[in-house]
Amino acid sequence: LVQALGIPQEHIRITTEGVNGRFRPVEDGPARRALLARYGITEPYLLYVGGINARKNIGRLFEAFARVLDICAAGDRPTPQLVIAGKRQWRTEEIEATFHRLQLAEHVHFTGYVGDDDLPGLYSAAELLAFPSLYEGFGLPPLEAMACGTPVVTSNVSSIPEVVGDAAVMVDTHDVDGLAAAMVQVLTDSALRGELRRRGQLQAARFTWARAARETLNVYQDLYAND
């Protein structure tokens with residue numbers, strides 16, 4: 001707003017979104033396993049949550065995931081599945097072409113749309129959330145995942161650094177090798193995973209809808225007082 005429209009900085013107040021209280025760790029057990037079975041998901045898996053469109057950088061996620069598969073195979077590690085939780089939207093041609101070119105049909109599982117009530121279990125069971133979006137106005141999935149105790153690998157652009165703070169591994173959106181390396185690091189470094197879980201839950205706890213309402217109300221009260 002400041003750069004494009006010339007609005008003075010002092011005329012802008014920012015309120016952040018919040019994480020619904022339903023997003024918290026779901027322990028392994030019959031209910032979580034039944035949820036995964038209902039969506040046809042097998043463990044271990046990496047998770048992406050969001051719409052399937054060009055802005056979300058899913059083509060590069062596929063490229064990076066193919067490298068992760070090669071690294072796991074070379075190191076004799078369990079081969080993870082990539083779960084794409086979201087519905088197809090716009091400009092998906094390049095995404096689909098990359099998917100077929102890399103022959104990922106056996107390794108990538110599309111769930112379609114996932115309701116909010118099911119997301120905490122999907123986040124909690126995942127090895128990590130991969131969210132390499134090219135641009136976000138806010139970016140709720142990384143916060144939701146962190147609230148559930150799931151490590152996050154995400155982009156270093158737009159609003160995302162402000163949202164995740166120091167609680168996620170951030171990468172260049174165009175660096176496929178860097179994205180692959182970050183995912184492998186989180187998969188193989190148990191100390192890093194533990195630290196990301198700890199930091200993530202602390203970071204997510206800062207973003208509540210009560211805070212959003214309070215900050216928004218403060219704006220109206222200040223405007224009324226100065227009218």
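This is a predicted model: local features need pLDDT of at least 70, side-chain atom pairs count only at pLDDT 80 or more; totals for chains, interfaces and linings use all residues.
**Entry 1**

I found 6 strands in an open sheet, with the order 3-2-1-4-5-6 and parallel pairing. At the edges I noted strand 3 (108–112) and strand 6 (169–171), each of which pairs on one side only. From one strand to the next, the twist averages 25°.

**Entry 1: a pair of strands**

Next I picked strand 1 (residues 45–49) and strand 2 (residues 81–85). They run parallel and are joined by 5 bridges.

Which strands does helix 8 touch? I found that helix 8 (residues 176–188) packs on the sheet and touches strand 1, strand 4 (128–131), strand 5 (152–155) and strand 6. The direction of helix 8 makes about 165° with that of strand 6.

**Entry 2: helix 6**

Then I turned to helix 6 (residues 140–147) and asked how many of its 8 residues are buried. Buried here means under 20% relative accessible area. The count is 7 of the 8, so helix 6 is largely enclosed by the rest of the structure. Among the buried residues I noted Pro 141, Pro 142, Leu 143 and Met 146. The cover over the buried residues includes strand 1, strand 4 and strand 5, along with helix 5 (119–125), helix 7 (160–164) and helix 9 (190–204). Just after helix 6, I spotted Gly 149 with a positive phi of about 80°.

Methods:
Residues are numbered from 1 along each chain as its sequence is written. Side-chain values use heavy atoms; hydrogens and water are left out. Two strands pair if DSSP finds at least two bridges between them. Helices (H or I, at least four residues) and strands (E, at least two) are DSSP runs, numbered from the N terminus. Axes are lines fitted to C-alpha atoms, for helices over the stretch in contact, and angles run from 0 to 180 degrees between N-to-C directions. Contact means heavy atoms within 4.5 Å. Buried means under 20% relative accessible area, exposed over 50%, partly exposed in between (1.4 Å probe, protein chains only).
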